[in-house]
Amino acid sequence: MRIVFAAAEVAPYAKVGGLADVAGSLPQALAALGHHVSIHLPLHGTIDRERFGIPTDAVVRSVPYGRSHVRVAYPSIVRGGVRVVFVDNGRHIGRATVYGAPDDAKRYALFARAVAEDLAQGGDRPDVIHAHDWHTALLVPMAAGHYRRALGGPATVFTIHNLAYQGQSAVDVVGLVGLPRKHVHPEKHGELNPMARAIASADAVSTVSERYAEEILTPEFGNGLEALLAERRDDLWGIVNGIDVDVFDPFADAHIPVHYSAVDMRGKAQDKAALQKELGLAVSARTPLFGVIGRLVEQKGIDILTPVAPEILRAGGQIAVLGTGEPRYEAMWKELAERHAGSLSLRLGFDAALAQRIYAGSDMFLMPSRFEPCGLGQLISFRYGTVPVVRAVGGLADTVRDADADARQGTGFSFREYAAEPLGDAVRRAIRAYRDGARWSALRTRVMGLDHSWAASARRYVEMYEAARDSARAA
Ligand code: ADP
């Protein structure tokens with residue numbers, strides 16, 4: 001199959017969160033299955049052209065935008081058998097940050113149209129167009145609408161990585177990119193909801209775990225789109241994310257000081273000591289070290305973690321936090337770090353290399369999310385023999401089995417109710433297991449043996465593409 005991806009962030013070129021991991025590794029896994037895959041992303045201002053060998057000469061096309069046209073260049077490279085196309089129109093599309101500009105809705109609408117134009121003018125006739133999250137959502141109604149003939153009637157697939165971000169804006173945006181202003185339930189009058197449009201018009205819709213695919217049909221997790229999603233229930237797929245096992249590999253990771261594997265874990269102890277030293281924590285092999293990596297936002301459970309953190313420290317633990325996010329959460333953690341210097345370290349910022357040292361050097365990984373479409377931190381932790389402590393929600397519920405509830409197959413510690421007390425209880429149970437040497441090393445070995453590579457999930461995506469093609473043909 002000829003499959004075209006479009007996404008706002010793609011690792012390793014531009015990464016804010018899990019979307020980049022998926023967009024940077026699923027295409028390669030599909031290519032390895034023999035499919036012809038390409039991915040379009042914006043040439044963000046932060047992308048280092050030299051480092052990635054992005055050519056300066058490229059096809060340039062004229063893309064209709066409102067009443068005029070803009071010129072867009074499409075330099076491309078090939079990585080892992082996948083053509084990566086950087087959509088370049090400095091002023092309108094590429095910016096210093098991936099998200100957060102006041103005109104995000106407009107620039108991503110233009111990005112979607114620039115992708116459609118590239119395919120149409122280039123004479124590409126993909127079998128499947130696969131858009132991800134609200135940023136590229138308008139590509140779906142475009143490919144199913146005014147670009148359908150020019151693209152040879154491709155099947156369209158839309159993946160929800162996080163339903164909390166829908167990209168709502170003024171309806172005028174659709175006029176700029178040639179889409180009708182028609183009302184899509186549940187858009188309000190005068191409002192555009194790119195995610196709702198994609199859900200309504202895609203041949204198949206997916207999200208990134210089976211549990212989240214069920215949760216989003218309820219008001220608690222549906223963010224107002226539960227009724228629309230229920231209408232699409234027959235075409236709604238839940239496919240759990242994989243991770244790039246070549247990037248996240250304690251036996252080969254260039255960012256960690258000492259390599260290790262499940263058969264020889266000595267390196268992990270050295271990585272822990274090095275991490276403690278690097279972060280200004282007391283160097284101690286017997287102290288349980290908890291890692292926290294992620295966006296410091298409400299979704300990630302920061303408000304229940306903050307009251308539990310001092311308890312962890314009182315129980316003799318250490319915490320290493322890496323993240324950026326809302327100022328109020330950053331301020332809360334800064335205060336904690338100041339109060340508990342030597343046992344709680346905070347790094348505010350995005351640092352992929354440090355993240356890998358924390359995954360490797362920690363004993364446990366904390367992810368008490370309020371909601372979690374899939375979550376990658378727990379999967380990366382498994383790979384590094386780091387035991388996750390999570391809330392049993394969304395993809396975390398699908399991928400982490402509580403080791404007290406299931407002594408033989410448990411892979412972490414989990415709790416259900418979103419509150420500090422049950423989180424504290426899960427942490428205490430994790431520390432108890434940690435202090436039992438034989439039990440802990442068995443648990444570590446077990447999680448390192450789990451297979452969260454893309455192989456199985458990539459095949460499920462292919463099944464979904466085939467189903468989408470059938471329904472596109474039937475239409
Ligand atoms: P989300 O996509 O909701 O942010 P995920 O768990 O799906 O959460 O994916 C987050 C990804 O981003 C993981 O690969 C994680 O290691 C990485 N990450 C998050 N914050 C940081 C940070 N501050 N520095 C480095 N990597 C980070």
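In what order do the eight strands of the open sheet lie? The legends below take up this question in a predicted model, in which local features need pLDDT of at least 70, side-chain atom pairs count only at pLDDT 80 or more, and totals for chains, interfaces and linings use all residues. Residues are numbered from 1 along each chain as its sequence is written, and side-chain values use heavy atoms, with hydrogens and water left out.

**View 1. The open sheet.** The order is β5-β6-β2-β1-β7-β8-β11-β12, with mixed pairing; strands (E, at least two residues) and helices (H or I, at least four) are DSSP runs numbered from the N terminus, and two strands pair if DSSP finds at least two bridges between them. At the edges lie β5 (76-79) and β12 (236-238), each of which pairs on one side only.

**View 2. Strands β2 and β6.** Strand β2 (residues 36-42) runs parallel to strand β6 (residues 82-87), and five bridges join them. His 40 has Val 85 of β6 as its bridge partner.

**View 3. Helix α7.** Helix α7 (residues 194-201) lies across β8 (155-160) and β11 (204-207), running at about 135° to β8, where axes are lines fitted to C-alpha atoms, for helices over the stretch in contact (heavy atoms within 4.5 Å), and angles run from 0 to 180 degrees between N-to-C directions. Because six of its eight residues are buried, α7 is largely enclosed by the rest of the structure; buried means under 20% relative accessible area, with a 1.4 Å probe and protein chains only. Among the buried residues are Pro 194, Met 195 and Ile 199.

How values were computed:
Buried means under 20% relative accessible area, exposed over 50%, partly exposed in between (1.4 Å probe, protein chains only).
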